[in-house]
Amino acid sequence: MSLRLRLFLVILPPLFVVSGLLGWWRFEVAQHTSEELFDRALLSAALAISRDVAISEGDALSPSTRRVISDAGGGELFYHVTGPGGVYVTGYAYPPRPETPVARDLPSYYFATYRGEDMRVLRMIENRTIGILTGDTIVTVWQRVSDRRAFAQELALRAAALMAGLMAALALVVWFGVQIGLRPLNDLQAAIQQRSPDELGPIRRAVPHEVSGVVATLNRLLGQVQDSFEAHQAFISDAAHQLRNPAAAILTLAETLPQMQDGAERANCEDQLIHAARKSARLSEQLLSLERLRYNESTAMTSFDLNTVVEEVCRDFAARALARDLDFSLTPAAEPLLVLGNPILVGEAMINLLENALKHGGTEMTGIVVQTRAEAGDAVVVIEDDGVGIPPDKISTAFRRFSQLQSGEGSGLGLAIVEKVMLRHQGRVDVAPGETGTKFCLRFPRQAVG
């Protein structure tokens, strides 16, 4: 359903309901008012007839009284007058009589039947002298109820027609008002449709105050999309640059290998080819991990013991450390360290830190120490080596993607992945550089046991 039709349906139905209630109320008021006016017309006619009878002593009605009777708005008026002693004076014969006695001093209204028709009757009793006779003069005036109702219904129909015309005019005004009110939105839609897919700049267009929040939100979203697009393009460019060298090395070694006749050279070339392939595979794996973390790809978050994950990672990494003739030790916490997170991502972060120490620790590094402990409500993993270390002024550079403090075998993605893993787990990574070696502390929010 369009916004235009929705507004039209929201505005008009309440107006129709209110107009219907108002029309019904107006009809009831008109009915009551018309009854009062018609009764007053009966009273005026009765008083005029009574006056003329007294003046003319029953001979005739004056022209003004006849006009009152003939011009009655509710239809034809009937009348009957009797003088003292019940003597017929003038008017129609056999007037409708009341079922109960009427008051003498006040005009009395009642409904009765006259010649098979419902009538509204006024009977008035006065003491008058007609000729030489003095006594009660009874003036009876009556009118068809159907004529009165028809007159009231005609007035009601006129009012209804007027109300319908007003509502029709109001509907047109509302429709065109909504059209005009929505014109800025239509202009905004047309402006957005004219944009090319690559145009992600903010919308700079005057809009009503009620729409400014939507435009501001849309501009913020466009800005986020543009930042994400630029970051994605930069990542693709960096990834292509980083993968170019391993791919070229693998291709060169693969082309050279068939031409080698010497067994020792061939074995050396095969080792280099395997090393280059492993490096390329590891780089691709790190690139995928970084992108999954960057776009917040949904991962299962479960409660697990951090000691268990650390022990598994250290067990797999021990052979590589010992192959380098390094002292490698693990000191786990005596108590369980329950954290909420993804064990695979946590293990990936630890592997990156251990490989980072192994690749950049230098030839004089003698050992790597891993420790887990509980500290101030956090579960902490400490990885410390006695290698070259990271200068304090280079720490921020070390966590950037594809950045390396010195040339080596690394890809420059390890610490960037570690930082994003910790952000995913609402934790942080701290670096404590020293004169020799580097100490990394991974801090996870700890869960209460049981």
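**Arg443.** I looked up its burial first: Arg443 is buried, at 13% relative accessible area (buried means under 20%, with a 1.4 Å probe and protein chains only). Arg443 sits in strand β12 (strands are DSSP E runs of at least two residues, helices H or I runs of at least four, numbered from the N terminus). Its side chain makes a polar contact with the side chain of Asp430 at 3.1 Å (a pair of N or O atoms within 3.5 Å, one able to donate a hydrogen and the other to accept it; residues adjacent in sequence count only if both atoms are side-chain atoms). Beyond four places in sequence, I also find Arg443 in contact (heavy atoms within 4.5 Å) with residues including Glu375, Asp378 and Met422.

**Ground rules.** This is a predicted model: local features need pLDDT of at least 70 and side-chain atom pairs 80 or more, while totals for chains, interfaces and linings use all residues. Numbering runs from 1 along each chain as its sequence is written, and side-chain values use heavy atoms, leaving out hydrogens and water.

Not counting residues up to four places away, Phe328 touches Cys314, Phe317, Ala318, Ala321, Leu354, Ile368 and Val370.

Note on methods. Buried means under 20% relative accessible area, exposed over 50%, partly exposed in between (1.4 Å probe, protein chains only).
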